[in-house]
Amino acid sequence: MKAITLVGSTGSIGTQTLDIVTQYPDQFRIVGLAAGNNVEMLAAQIRQFRPEIAAICSEDKLPALKEAIIDLDPQPILLAGEAGVIEVARYGDAQTVVTGIVGCAGLLPTIAAIEAGKDIALANKETLIAGAPVVLPLVEKHGVKLLPADSEHSAIFQCLQGVPKAGLRKILLTASGGAFRDWDVEKLADVTVADALKHPNWSMGRKITVDSATLMNKGLEVIEAHFLFGLDYDNIEIVIHPQSIIHSLIELQDTSVLAQLGWPDMRLPLLYALSWPDRIYTNWERLDLVKAGNLTFREPDHQKYPCMQLAYAVGKAGGSMPAVLNAANEQAVALFLSEKIQFLDIPRCIQWVCDRHQNDNRANPSLDDILTADKWARQEVLTATEKLETHSRIISLR
């Protein structure tokens, strides 16, 4: 039985991971849980899975959490705040830590887990995007496994099983196209938050759903794929695949192409990250190609999705620039979700902040450099919102 800690337990990744644990109680057990601020859901999870330790990020919610499980015996260790989440990540005999926290908030808990010798099931792409210069050396130093748990990178990882290291030629990341894949670009000026949250294929959190609508999620995945699989950016391509049946593909040196297919269901990549290198039998709906019907593909519209081009430029710039991109995107999306900026202002804000960082880009950033860049970029987005009307050019990074 594999011991698991779950960081981000009340989000979509967390709840689907717990669905897997519920279905396979003889395969997995929960050691620790950490969540953001949902006391009711976290309390219910603690009651069901009986972790040894749990944390809630919102410190003011700790008394309510304690009250909600006051009758439990034995009581888990209960912590709060960022320090509490970090302690959960490093705690006890958990073999694998699932990182389901959205955004750069997952970076420090992931580092703590790695330093404690735990394997990482990586569902938080921002950990590598912002922190790869620090995280990857730690993974090597501590001899832990970093296994992708999101659908696209899991697909690539699955396709690479048995492929010689020098055999990989190109990565093709598939994208659903998000909520606006069939919209004319001229209509994007009138997008509402409700419009952006209507993902056609996947059920995800609010932030990642907006990232899918801007295609920033795919740009971030390009950067993550570069760090996970070692390919140059010119050999990582994005293709729109509206049906989300093919989750990504690899091209080999002899031009053979391998793909991983399945219904849109995040449990599959999560299960593979938890069980690798084994394959566990499931009773989930099997893929029926006849039922799936036509599988179609098209090139992404660069005019509709400027965030994609921006992510490629930032990835090639490297250093602390990806941390700035990631933080600026998180802040801009948060402003959009709170209806303080328009949809098309998201790429404008990010672009403005990345422009501002060019002269300060650190080629080999430390953890302090990354955290400083992250904090700076979030503040700069607030400044950028005052200048949106005059700044609309596409970034050009050298």
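Colleague: Is Cys-57 buried, partly exposed or exposed, and why?

Modeller: The model is a predicted one, in which local features need pLDDT of at least 70, side-chain atom pairs count only at pLDDT 80 or more, and totals for chains, interfaces and linings use all residues. Residues are numbered from 1 along each chain as its sequence is written, and side-chain values use heavy atoms, with hydrogens and water left out. Buried means under 20% relative accessible area, exposed means over 50%, and partly exposed lies in between (1.4 Å probe, protein chains only). Cys-57 counts as partly exposed because its relative accessibility is 38%. Cys-307, with a relative accessible area of 1%, is buried.

Colleague: How many disulfides are there?

Modeller: A disulfide is a pair of cysteine sulfur atoms within 2.5 Å. By this rule the count is zero. For Cys-307, the closest cysteine sulfur belongs to Cys-354 and is 9.7 Å away, which is too far for a bond.

Colleague: What is the order of the strands in the open sheet?

Modeller: Strands of a sheet pair through backbone hydrogen bonds, either parallel or antiparallel. Strands (E, at least two residues) and helices (H or I, at least four) are DSSP runs, numbered from the N terminus, and two strands pair if DSSP finds at least two bridges between them. Here seven strands form an open sheet with parallel pairing, in the order E4-E3-E2-E1-E5-E6-E7. Strand E4 (77–80) and strand E7 (146–148) are the edges, each pairing on one side only. Strands E1 (residues 2–7) and E2 (residues 28–35) run parallel and are joined by six bridges; Leu-6 has Leu-33 in E2 as its bridge partner.

Colleague: Which residues have the most contacts inside the largest nonpolar core?

Modeller: A nonpolar core is a set of buried Ala, Val, Leu, Ile, Met, Phe, Trp, Tyr and Cys residues joined through side-chain atoms within 4.5 Å. The largest has 98 residues, and Ile-171, Leu-325 and Ile-350 have the most contacts inside it. Helix H14 (residues 321–337) gives the most to this core, with 10 residues. Another core, of 27 residues, lies apart from it and includes Ala-34 and Leu-146.

Colleague: Why is helix H9 described as largely enclosed?

Modeller: Seven of the nine residues of H9 (residues 206–214) are buried, so the rest of the structure largely encloses this helix. Among the buried residues are Lys-207, Asp-211 and Thr-214. After H9 comes Leu-215, which has a positive phi near 65°.
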